[in-house]
Amino acid sequence: MRFNKLDLNLLVALDALLAERNISRAGERLHLSQPAMSNALARLRNFFGDELLASQGRQMVLTPRALGLIEPVREVLMRIDSTITTPPLFDPAESTRTFVLLLSDFTTAVFIPPLLEALYQQARGIGLELRSLNDKPAEQLEQGDADLLIIPEQFAAVDHPCAPLFEEQYLCVTWSGHSNIKEELTFNDYLECGHVVANYATGQQRAAFDGWFLDRFGINRKVEVSAPSMAALPQMVVGTDRIATVHRRVALQAEKVLPIRLWPPPIEVPTLVQTLQWHRHRDADPALQWMRELAFRIGRTI
């Protein structure tokens, strides 16, 4: 099919080339051979009168014209997907659809088990593909690589709808044999301890808490250990005089199996609000509507 002399099938190839910036990877994404992908690029170059992908050393970079095409091409494909290819009806009991979710290890631990239980009871054919948050989760949502994104509200993309999913507070964790903290945790204790912190791929969670702490008190915590997992932090204080500030649910689970003590933070820490976000062009997708409603029901119970 052609529109203004452009083979519309080439839009899919163009989207892959703009995203991957590499002919081989774009071909793998579309399950096409490298010669077929090279042919598609040649036809696109001829249509636009532009190189689109230009060699720069050992890499290929997008030309200014190609950079300007990223958002419009993605917008067109998302609109087609949401209005033409999406079935008008959805029966969860009969569906075999797999939903892709982007989320943290904390959300995976506290939210996914009850969600899976509900799915098993109501829609056994539905699958979930869980992916860790990367450096640009909003970009993955924008490109259609994920159906739903669960992320703290301050990091939600402004261009797509979202709603609160659940809230979480914080607790401080120390080893039960801590040398100094015995009866209470004071603010001075908190400052004097070395801290174990979560440092995800995005760096946002750590930056958010540390940025807030610095703005509030004008000082930095003594960060001695960072790890890419919130769930692992309680174990990392065992046998040391360090301290971790972790999500309440994580701390309570860890307390059941580890020689640790839990303390209310000696400061008032803002509540974490986890939000559920989806692409604006998939707002009316019946399957996603059903999944969102189920997620919100689970969020109200955990």
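I searched the whole structure for salt bridges and got 11. The term stands for a side-chain nitrogen of Lys or Arg within 4 Å of a carboxyl oxygen of Asp or Glu.

Before going on, I noted that this is a predicted model, where local features need pLDDT of at least 70, side-chain atom pairs count only at pLDDT 80 or more, and totals for chains, interfaces and linings use all residues. Residues are numbered from 1 along each chain as its sequence is written, and side-chain values use heavy atoms, with hydrogens and water left out.

**Entry 1: Asp145 and Arg29**

I looked up Asp145 and found its side chain in a salt bridge with that of Arg29, at 3.6 Å from N to O. Asp145 sits in the loop between α7 (137-142) and β7, and Arg29 in helix α2 (residues 23-30), so the pair ties together parts that are 116 residues apart in sequence.

Next I checked exposure, where buried means under 20% relative accessible area, exposed over 50%, and partly exposed in between (1.4 Å probe, protein chains only). Asp145 is partly exposed at 24%, and Arg29 is partly exposed at 28%.

**Entry 2: two other pairs**

I then turned to Arg131, which pairs with Glu129; their closest N and O atoms are 2.8 Å apart. Arg131 comes out partly exposed at 29%, and Glu129 is partly exposed at 35%.

Is Arg292 buried or exposed? I found it buried, with a relative accessible area of 7%. Its side chain meets that of Asp283 in a salt bridge (3.8 Å, N to O). Asp283 counts as partly exposed, at 36%. I also noted a network: salt bridges with shared partners join Glu20, Arg25, Arg29 and Asp145.

**Entry 3: helix α12**

How many residues of α12 are buried? I got 11 of its 14, so I wrote the helix down as mostly covered. Among them are Trp290, Met291, Arg292 and Phe296. I followed the buried residues to their neighbours: they pack against β5 (98-103), α6 (112-122), β6 (127-132), β7 (148-152), β8 (162-168) and β14 (272-277), where contact means heavy atoms within 4.5 Å.

At 1.5 Å a residue, the 14 residues of α12 (residues 286-299) should span 20 Å, and the end C-alpha atoms are 20 Å apart, which agrees. The expected span is 1.5 Å times one less than the number of residues.

Notes. Helix = DSSP H or I, 4+ residues; strand = E, 2+ residues; numbered from the N terminus.
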